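Hi,

Here is the structure I promised to pass on. Have a look at it first, and then read on for what turned up.

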Amino acid sequence: MSVNLSKGQAISLEKSGGGSLSAVRMGLGWQAAPRRGLFGSRTREIDLDASAVLFADKQPVDVVFFRHLTSDDGSVRHTGDNLVGGAGQGGDDESILVDLQRVPVHIDQIIFTVNSFTGQTFAEVQNAFCRLVDETNGQELARYTLTGGGNSTAQIMAKVTRSGGGWTMTAIGSPANGRTFQDLMPAILPHL
């Protein structure tokens, strides 16, 4: 059973039958919104990019994105860059896999972001979402819809925080502007 997350809502990443999740996937999906023009509607290709920034005591220590597909320790892995979206017709266009049991103990937060590398705003994107999936059985645990369009070119999507012996996910959904995760760092810091 999946939970539809609203901005700021947190969920525990513990299995319903007890125990902690061992591996999760953050999936990102989107389609270009049709634009009405003189000769009918058409779409422009939109390149959204998913990134995961790993923090230790509020300091960035590693990042996984389209130019660095695997964290230095191997616990976080990006499945590859999708330049146009809509590949799965509602499925994940980009995914980041996190082996929670292998994340080094000094990493206490992982922030997931999405940005429009081609610079279009979210007003030009439709059916955009991020979701958290239990990678061991494929069950969707939570979904956050990137609704509302707007003039932003990026979103601070969600964070996974180490709490005690387990992990908690919080949907952030904060609009930002930037083409890469580096551009988003000033917008990420208040969410740590």
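Before the packing makes sense, one term: two residues are in contact when they have heavy atoms within 4.5 Å. Also bear in mind that this is a predicted model.

The overall picture first. The protein has one helix and 14 strands. Buried residues make up 52% of its 192 residues. If you take the contacts with a separation of 6 or more, 68% of them are between residues 24 or more positions apart. The accessible surface is about 8,900 Å², and carbon and sulfur atoms hold 49% of that.

Now the helix, α1, which covers residues 181-188. Which of its residues are buried? They are Phe181, Leu184, Met185 and Ile188. These four span an arc of only 135 degrees around the axis, so they sit on the same side of α1.

β6 (residues 48-56) and β7 run antiparallel, joined by five bridges. For instance, Ala52 has Val64 in β7 as its bridge partner. The hairpin they form has two residues between the strands, and Asp57 takes a positive phi near 50 degrees there.

In one of them, Phe65 and Phe181 have ring centres 4.8 Å apart and planes at 65 degrees, so the pair is edge-to-face. Phe65 is in the loop between β7 (59-64) and β8 (76-78) while Phe181 belongs to α1, so this pair ties together parts that are 116 residues apart in sequence. Phe65 and Phe181 are both buried.

Phe66 and Phe117 make another edge-to-face pair, with 5.4 Å from centre to centre and 75 degrees between the planes. Phe66 lies in the loop between β7 and β8, and Phe117 in the loop between β10 (109-116) and β11 (125-134), so here the parts tied together are 51 residues apart in sequence. Phe66 has a relative accessible area of 19%, and buried means under 20%, so Phe66 counts as buried.

Ring pairs link Phe65, Phe66, Phe117 and Phe181 into a cluster.

Cheers

Note on methods: Residues are numbered from 1 along each chain as its sequence is written. This is a predicted model: local features need pLDDT of at least 70, side-chain atom pairs count only at pLDDT 80 or more; totals for chains, interfaces and linings use all residues. Side-chain values use heavy atoms; hydrogens and water are left out. Rings of Phe, Tyr and Trp (its six-membered ring) pair if their centres lie within 6.5 Å; planes under 30 degrees apart count as stacked, over 60 as edge-to-face and the rest as tilted. Buried means under 20% relative accessible area, exposed over 50%, partly exposed in between (1.4 Å probe, protein chains only). Two strands pair if DSSP finds at least two bridges between them. The arc is that of the directions from the helix axis to the C-beta atoms. Accessible areas come from the Shrake-Rupley method with a 1.4 Å probe; for residues, only the protein chains shown count as cover.
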